[in-house]
Amino acid sequence: MSEHNWSFQTKLLHNGAKVDQGTGAVSVPIHHASTFHQFDFDEYGKYDYSRSGNPTREALEQAIAELEGGTRGMAFASGMAAISTAFLLLSQGDHVVVTEDVYGGTFRIITDVLTRFGIEHTFVDMTDLHQVASAIRPNTKVIYMETPSNPLLKVTDIRGIVNLAKANNCLTFLDNTFLTPELQRPLELGVDVVLHSATKFLAGHSDVLAGLAVVKDEELGNRLYKLQNAFGAVLGVQDAWLVLRGLKTLHVRLKQSQASAQKIAEYLSKHEKVEQVYYPGLSFHPGYETQKYQADGPGAVLSFRLADAEAVKTLVNNVKLPVFAVSLGAVESILSYPARMSHAAMPAEEREKRGITDGLLRLSVGLENADDIIKDFEEALEKLPVKQSTK
Ligand SMILES: *Cc1c(COP(=O)(O)O)cnc(C)c1O
């Protein structure tokens, strides 16, 4: 669409959605129409019915395709609608290999729904390529990645997984919600389907639910488009417009939030009442090198572990800046409690095994001044009892 190879930052503004070709409007018009008049009896126009195609939704679909380096983008009513529709590429008897700390909603679709349709799965620690290789069966059709993962920010070697998948004739799906194409472009690394909860960083303001899927291969794009149209979980035009507006500031938002996240992660990692910090921007994080190699930054989400549930409660009751809520990737900082929020559906034993203990908190860093957030945490952490040695 652009004749120059502009930088990503510039492409956020100078893409197909920049100017409406019909009117010159510098904001994509919101086409509230379910159906479209056909001017020619014999030859129908580009649009006929909004589930199949709508110009406002299409502007977003083209923008995300361009930003991810794909040929086709599709917008859905939520991240889960995008993920669920992508799974409709599978058939009865197929098998999926999935990262064990996958998003809770994806866990639910795979374990509660796909199983009823005869689609099997194996959960693996995706940081271990040997585990992935030994989980692949003759009927494996998809390897499903999420990197960095939620909530422990584990980093998967994308190229390593892509090579395994290609050698075994399976597709790769990657949930790119945490980093967005600003920081990670999986299609360039050979991934087949990139999925997003655009509810998070892409839209960025905690005011809309949206999902996106992007592919590079045109034939796969046609198959997925047919499923989008068939299943019908498409994004409404008002919401598509909100995502398009959010996208324009993605670069400045993520740059600022990421710089603050690095500062906060370093601060927390030195605090005596914090047992562990998980952030791929810290040099002692096990995925630090892989992250540096395959992404342009560690992102703006970090997790940290306090002694126990009591310590978590005291901290949450005393911090003033972050909202205490589910979700991430917004202008305001969001503090979440995975054990009781995103991973509440997981049995306690299963959670503990995966490191999602009662002392774990996740922080999505927003646009507040980083020093203010640190001061807020400093004051709240002072209320915690001095750590008892567990050794
Ligand atoms: C929020 C989220 C989803 C689900 O997206 P919704 O828009 O809430 O349906 C999927 N994956 C990840 C990593 C998420 O954070």
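Which element gives the most to the lining of the largest pocket? Helix α4 does, with six residues.

This report concerns a predicted model, in which local features need pLDDT of at least 70 and side-chain atom pairs count only at pLDDT 80 or more, while totals for chains, interfaces and linings use all residues. Residues are numbered from 1 along each chain as its sequence is written, and side-chain values use heavy atoms, with hydrogens and water left out.

## Pockets

A pocket is an open set of points on a 1 Å grid over the protein atoms alone, where a 1.4 Å probe fits and protein lies on both sides within 12 Å along at least five of seven lines; lining residues have an atom within 4 Å of a point. The volume is the space filled by probe spheres set on the points, which are joined across faces, edges and corners. Helices (H or I, at least four residues) and strands (E, at least two) are DSSP runs, numbered from the N terminus.

The largest pocket has a volume of about 550 Å³. It is lined by 30 residues, of which M80, Y103, G104, G105 and S342 are the closest to its centre. Both α3 (79–87) and α4 (104–113) supply at least two residues of this lining. Domain 1 (8–247) and domain 2 (251–388) each contribute at least three residues to the lining of the largest pocket; the domain bounds come from an automatic or database domain assignment.

The second largest pocket has a volume of about 320 Å³. Among its 19 lining residues, those closest to the centre are E58, E61, Q62, R72 and G73. Two or more residues of this lining come from each of α2 (55–68), β1 (72–76) and α8 (218–231), and α2 gives the largest share, six residues.

Five of the five residues of strand β6 (residues 193–197) are buried, so the strand is largely enclosed by the rest of the structure. Buried means under 20% relative accessible area, exposed over 50%, and partly exposed in between (1.4 Å probe, protein chains only). In a regular strand the side chains alternate between the two faces of the sheet. In β6, V193, L195 and S197 are buried on one side, and V194 and H196 are buried on the other.

Two strands pair if DSSP finds at least two bridges between them. Strand β5 (residues 171–175) pairs with β6 in the parallel sense over three bridges, and D175 stands opposite L195 in β6. The pairing of β6 with strand β7 (residues 211–215) is antiparallel, over five bridges; here V194 stands opposite V214 in β7.

## Nonpolar core

A nonpolar core is a set of buried Ala, Val, Leu, Ile, Met, Phe, Trp, Tyr and Cys residues joined through side-chain atoms within 4.5 Å. The largest such core has 53 residues, and L60 and I143 touch the most other members. Elements that give two or more residues to this core include α5 (129–135), β4 (140–146) and β7. Helix α2 provides the largest share of this core, six residues.

## Residue A348

A348 lies in helix α13 (residues 348–353) and counts as partly exposed, at 43% relative accessibility. From A348 to A370 the separation is 22 residues in sequence and 34 Å in space, C-alpha to C-alpha.
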